[in-house]
Amino acid sequence: MLINDPETIAELHELYPRYEQALVTNDVETLVSMFWASPHVARFGPTESLYGISEIEAFRKGRSPANLDRMIKRLDIVAFGKDFASITLAFEREINGQVTRGRQSQTWVRLPEGWRIVFAHVSLLP
């Protein structure tokens, strides 16, 4: 199996900042479009378990746009073949003068419509 094909890694390094920018600016349309438009997609967060694109979209539309800025401390991309990859990262966010640390993992698949997130998980560290 081809692991970490340089072209595939480069594609995702170019694509991921678009997701991050949409996240911190609360660009709901872009965020939702980067997920697989399927009832089988899932996103688990610190307080929510979302199943299907409809639940993910509703969550994004209902989320407060305040305090979304964060600093990425580590970002790793691992590709398996040319159509499947994971992106993991560690981040920090300052809220009310306190630093909150978290982690995020995403599974990306190249579908006919392009790269899409098929599973995501976000958690905060104690």
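Biologist: Let us begin with Pro 46: where in this chain is Pro 46 found?

Modeller: In this model, which is predicted, Pro 46 is found in the loop between β1 and β2.

Biologist: Why is Pro 46 called partly exposed?

Modeller: The relative accessible area of Pro 46 is 45%, and the term buried needs a value under 20% while exposed needs one over 50%. Because 45% lies in between, Pro 46 is called partly exposed.

Biologist: Which residues is Pro 46 in contact with, leaving aside its neighbours within four places in sequence?

Modeller: Pro 46 is in contact with Val 122, Ser 123 and Leu 124, once its neighbours within four places in sequence are left aside. The C-alpha atoms of Pro 46 and Leu 125 are separated by 9.7 Å, although the two residues are 79 places apart along the chain.

Biologist: What makes the meeting of Glu 48 and Thr 47 a polar contact?

Modeller: The distance between their side chains is 2.8 Å, and a polar contact asks for N or O atoms within 3.5 Å. Residues adjacent in sequence count if both atoms are side-chain atoms, and this contact does run from side chain to side chain, which means that the pair qualifies.

Biologist: What makes β2 an edge strand, and which other strand is one?

Modeller: The open sheet has six strands in the order β2-β1-β6-β5-β4-β3, with mixed pairing. Both β2 (49-51) and β3 (71-80) pair on one side only, and these two are the edge strands. From one strand to the next, the twist averages 15°.

Biologist: How do you know that β3 and β4 pair, and that β4 and β5 do too?

Modeller: At least two bridges are needed; β3 and β4 have nine, running antiparallel, and β4 and β5 have twelve, also antiparallel. Asp 76 stands opposite Thr 88 in β4, and Ser 86 stands opposite Thr 107 in β5. The hairpin of β3 and β4 has three residues between the strands, and there Gly 81 takes a positive phi near 75°. In the hairpin of β4 and β5, with two residues between them, Asn 96 in the turn has a positive phi of about 50°.

Biologist: Why are the buried residues of α3 said to line one face of the helix?

Modeller: The buried residues of α3 are Ile 53, Ile 56 and Arg 60. Seen down the axis of α3, they fall within an arc of 65°, so they line one face. The face turned away carries the exposed residues Ser 54, Lys 61 and Gly 62, while the cover over the buried residues includes α1, α2, β1 and β2.

Biologist: Which residues touch the most other members of the largest nonpolar core?

Modeller: This core has 27 residues, and Leu 12, Tyr 19, Phe 35 and Trp 108 touch the most other members. Helix α1 gives the most to the core, with seven residues. Not counting residues up to four places away in sequence, Leu 12 touches Pro 17, Ile 77, Ala 85, Ile 87, Trp 108 and Trp 115. Helix α1 (residues 6-24) itself lies across β3, β4, β5 and β6, running at about 140° to β3.

Terms used. Residues are numbered from 1 along each chain as its sequence is written. This is a predicted model: local features need pLDDT of at least 70, side-chain atom pairs count only at pLDDT 80 or more; totals for chains, interfaces and linings use all residues. Side-chain values use heavy atoms; hydrogens and water are left out. Helices (H or I, at least four residues) and strands (E, at least two) are DSSP runs, numbered from the N terminus. Axes are lines fitted to C-alpha atoms, for helices over the stretch in contact, and angles run from 0 to 180 degrees between N-to-C directions. Contact means heavy atoms within 4.5 Å. A nonpolar core is a set of buried Ala, Val, Leu, Ile, Met, Phe, Trp, Tyr and Cys residues joined through side-chain atoms within 4.5 Å. Buried means under 20% relative accessible area, exposed over 50%, partly exposed in between (1.4 Å probe, protein chains only). A polar contact is a pair of N or O atoms within 3.5 Å; within protein, one must be able to donate a hydrogen and the other to accept it, and residues adjacent in sequence count only if both atoms are side-chain atoms. The arc is that of the directions from the helix axis to the C-beta atoms.
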